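Hi everyone, thanks for coming along. Please have a look at the sequence and the model on the screen, and then we will walk through a few places together.

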Amino acid sequence: MLLIRIILVLLFVPAFVGITRSVGSRSKAFRSILLFVFIGLVALSILSPQLWEDAAQILGVNSGVDLLLYGTVLALMTHIAYSLGKFRLMEKRIATLVQELALLKSSQGS
Amino acid sequence: MMSHVGHESIVESTYCVIPMYNEGAVIADVVRDLRTIFPHVVCVDDGSSDDSAYQAESAGATVIRHAVNVGQGGALATGFLFVGSRSTIRYVVTFDADGQHDPQDALALVRHLHSNHLDVVFASRFLAGREQQIPRLKKVVLRFVAGVTRALTDVSLSDAHNGLRALTVDAARKIQLSQNGMAHATQFVSLVLQNGLKYDEVPATIRYTTYSRSKGQPLLNGINIVLDLLWR
């Protein structure tokens, strides 16, 4: 019970850091696979809620609902981290463009 | 005392870089004041929505315009790129647009840089008893940011986030800022260390006017600076 909580909490850190630092095509594919797996699991839980209960028991979590909640929070954190990483990259690209444009205009004007 | 020829030579080979954002109310006076000593002043207008660019130009500054607001670090980086391409320029001064710096202090920094063969000279409001004028809360935040900078860069500076600095053009070419926001000041210090540049600190006065207080970094910005640095 305690162990799975620690593992789940520890998962947040590499997920958050790793995803903000990697915005390439490989990590994009990895994220897509994770998303599809997660959607599949959620669909499966609608058809067979008992599966989550069984999985929760194996992992030592209180109930299937709790396990689903942990997974959802992890997926959400991952998405937020990725979006922030992407946003920072875009900011840097825009800054470079703005600087190049400003210097080009300045050299044309002088 | 430096000779007249030496003084002329120094100011003629110095370019002052002023990042500005919506400073139309004061920028003309700041440029005029600065140009009584330094003939070359470039203002990097960081996407202002007021008449900052016109005011700066009318006061005799060269103006480079960012199409959109990028941040003070980004504007400074543009200024460095601009000055770096000027073959006759040897020194660069970074100067805030809100009128809180004294041009005489800027000159003292360049002289110190020149006579001691340094790469970078930082201004400090905490040296030589000049910290008396700093508002108490501001002092706490500045000390905190200086502590964070020391922890992240291993460089011990008393006033890491002072916008007044002097550096050689070679140093400006090496200091390639990627932090566009206020955290650029800590990155600046870090890059000085990474590039093995010789540096020193010189006392300088900050004029805390009503205007500069209203335009200055909000105290909560200290937290933003730390977060920007941790999440780079």
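Let me start with a question: which residues in helix 6 of chain B meet which residues in helix 8 of chain B? On the helix 6 side they are B:Thr149, B:Leu152 and B:Thr153, and on the helix 8 side B:Thr186, B:Val189, B:Ser190 and B:Leu193.

Before going on, a word on what we are looking at. This is a predicted model, where local features need pLDDT of at least 70, side-chain atom pairs count only at pLDDT 80 or more, and totals for chains, interfaces and linings use all residues. Residues are numbered from 1 along each chain as its sequence is written, while chains are lettered from A and ligands numbered from 1 in the order in which they are written.

Helices and strands here are DSSP runs numbered from the N terminus (H or I, at least four residues, for helices; E, at least two, for strands). Chain B has 10 helices and seven strands. I call two residues in contact if their C-beta atoms, placed from the backbone, lie within 7 Å. Take the contacts in chain B between residues at least 6 apart in sequence: 77% of them join residues at least 24 apart.

Back to our pair. Helix 6 (residues 136-153) and helix 8 (residues 184-194) of chain B pack at an angle of about 35°, and their axes are 10 Å apart. Those axes are lines fitted to C-alpha atoms, for helices over the stretch in contact, with angles running from 0 to 180 degrees between N-to-C directions. The contact between helix 6 and helix 8 of chain B has three nonpolar, four polar and no charged residues. For these classes, Ala, Val, Leu, Ile, Met, Phe, Trp, Tyr, Cys and Pro count as nonpolar, Asp, Glu, Lys and Arg as charged, and the others, Gly among them, as polar.

Now to the inside of the chain. A residue is buried if 20 or more other C-beta atoms lie within 10 Å of its own, exposed if 12 or fewer, and partly exposed in between, with C-beta atoms placed from the backbone. Of the 232 residues in chain B, 47% are buried. In helix 2 (residues 27-35) of chain B, the buried ones are B:Ile27, B:Ala28, B:Val30, B:Val31 and B:Leu34. Seen down the axis of helix 2 of chain B, they fall within an arc of 165° (taken from the directions from the helix axis to the C-beta atoms), so they line one face of the helix. They pack against strand 1 (14-20), strand 2 (40-45), helix 3 (52-58) and helix 5 (103-115) of chain B.

Next, two loop residues. Most residues other than glycine have a negative phi. B:Asn22, in the loop between strand 1 and helix 2 of chain B, has a positive phi of about 50°. B:Asn22 is partly exposed, with 17 C-beta neighbours inside 10 Å. B:His117 also has a positive phi of about 50°, and sits in the loop between helix 5 and strand 5 (120-124) of chain B. Is B:His117 buried or exposed? B:His117 is exposed, because 8 other C-beta atoms lie within 10 Å.

Last stop: B:Val202, in strand 7 (residues 199-203) of chain B. Leaving aside neighbours within four places in sequence, B:Val202 is in contact with B:Ala108, B:Leu109, B:His112, B:Val121, B:Ala123 and B:Ser124.
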